[in-house]
Each structure stands twice: as structure tokens, then as C-alpha cells.
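Me: I have a chain open here and would like to talk it through with you. Could we start with how the pieces are named, and then go on to whatever stands out?

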Amino acid sequence: MLLELSEEHREHLSFLPKVDYAVVAEFGRIALEFLRKGSNPKVYEGAARKLNVSSNTVQHGVEGLTYLLTESSKLMISELDFQDSVLVLGFSEDLNKLLLQLYLDHRKEIRTILSELAPVFPSYHNLEWRLDVQLASRCLRQQIKPAMTLKLHLSQDGEHSNQVLQTDPATLLHLIQQLEQALGEMKTNHCRRIVRNIK
């Protein structure tokens, strides 16, 4: 599976061939720090002074490298696919090898960081429902106004919470159709391939 880079990311990475390989390795270290602790403008400013360029240029270079490493790690692309993905950037062979080495050295750590950053959502525990139908009111003697009340029991980290939702049957049917369509989409070969690569 090849990694597709947008024009913006290619532009950000175009700064890498203009600097020494030691600087690219340092950018790799800064990219990992960026993933662990977030952005640090002081680091960008210090590197920009040393390289005699703007801090935005350094920041974009680090962000481009971060994107390249995180997307490659997320998809767990092979060495050959990584080389083919980077080849389209037109870098020298030595720089391509350096980027490959950065990827191989840090992909497990990057995946660990990304898994820690992923949000943990509550999971389904139980569902209670009730159908209410209003048959008449003071204004209208004959009317049928149905409403579904759902009490959704969720669990997260051993703690239980409840969400009460109310909707009309037409909206509920539409929601069911959308969920069934999403489940059907998950059975396609394309989605199975994506899920297999994410794991």
C-alpha cells in the first residue's frame, strides 16, 4: 500500500533536501517530541536561527515529517512501499535511506503514542425503550403523535452511565437504515483491507 501525499505535504517536505542529514535526523527527533508533548515554538525558533531560515519553514518541515512517519506507522506499510512512497518526492537516495531508517526505528513507538492519543469511547451495555403515542389534546380531538424514548446504558472504564434520547419513528427508521448501510459497508473488501492494516 502506497502512501499518498498531498501537494501541501510535498511542499512541507521539500525543505529536507536543503539541509544536512544530521538536521533531518534532528527533525525526526523533534517530530517524535511533537507527537509526545505537542508543538513547542521555542524548538522551532532555535532550529530556525541555526539554519538561518524562518521558524514557519522549520515548523512545516517537522509537521511534514511527522505526517509522513505517523501515516506510514498507522498503515504499517512495508519497507518497499515506504521507499516507493518517498521516491515520488524526488529526494536523493541517501535521504530516502535516512527517512526509511527513521521510519523503521520509530514505527512501533509512534503506533504506541497514537494508540494512547486515540479517544476511548463508551461502549454499549444495555437499551431500554418505550413507545408513547398521544391520541388527543385539548386543541385536536383526534391525532396520532408517536414518540420513541430510548434509555441507552453505556459503560466506560468500569463505570456505567445513561443517555436518554427521544425521537419520532420516522427518524428512528432512518437511523436504523444508516446503521445497516454502515455495517454493510464494513463487509466490503476495501474496508476489510483498511481494518486489517490498522490492526
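Predicted model: local features only at pLDDT ≥ 70, side-chain atom pairs only at ≥ 80, totals over all residues.

Me: What about D157, what is its phi and where does it lie?

Reply: D157 has a phi near 55 degrees, again a positive value in a residue other than glycine, and its place is the loop between β2 and β3. D157 is exposed, with a relative accessible area of 69%.

Me: Changing topic: how is the chain divided?

Reply: There are two parts to the division, with domain 1 covering 7–115 and domain 2 covering 123–197, and the C-alpha centres of the two domains lie 43 Å apart.

Me: How far does α6 reach from its first C-alpha to its last?

Reply: Helix α6, which takes in residues 93–117 and so has 25 residues, reaches 33 Å from end to end by C-alpha, close to the 36 Å expected at 1.5 Å a residue. There is also a kink of about 55 degrees in α6, and that kink is centred on H106.

Me: Which residues of α6 are buried?

Reply: The buried residues of α6 are L95, N96, L99, L100, L102, Y103, I110 and I113, and what covers them includes α2 (21–37), α4 (55–75) and α5 (79–87). As background, an α-helix has 3.6 residues a turn, so residues three or four places apart point the same way.

Me: Last one, how much space lies in the largest pocket, and which element gives the most to its lining?

Reply: About 250 Å³ of space lies in the largest pocket, and the elements that give two or more residues to its lining are β1 (123–134), β2 (145–156), β3 (159–167) and α7 (169–186). Of these, α7 gives the most, with five residues.

Me: Which residues line the pocket, for my notes?

Reply: The lining of the largest pocket is made up of L127, W129, L150, L152, L165, T167, T171, L172, L175, I176 and L179.

How values were computed
Residues numbered from 1 in each chain as written. Heavy atoms only, no water. Domains from an automatic or database assignment. Helix = DSSP H or I, 4+ residues; strand = E, 2+ residues; numbered from the N terminus. Expected span 1.5 Å × (residues − 1). Bend = angle between axes of the 7 residues up to and from the residue. Buried < 20%, exposed > 50% of the residue type's maximum accessible area, 1.4 Å probe, protein only. Contact = heavy atoms within 4.5 Å. 1 Å grid on protein atoms, 1.4 Å probe; cavity = no way out; pocket = protein on both sides within 12 Å on 5 of 7 lines; lining within 4 Å. Points joined across faces, edges and corners; volume = space filled by probe spheres on them.
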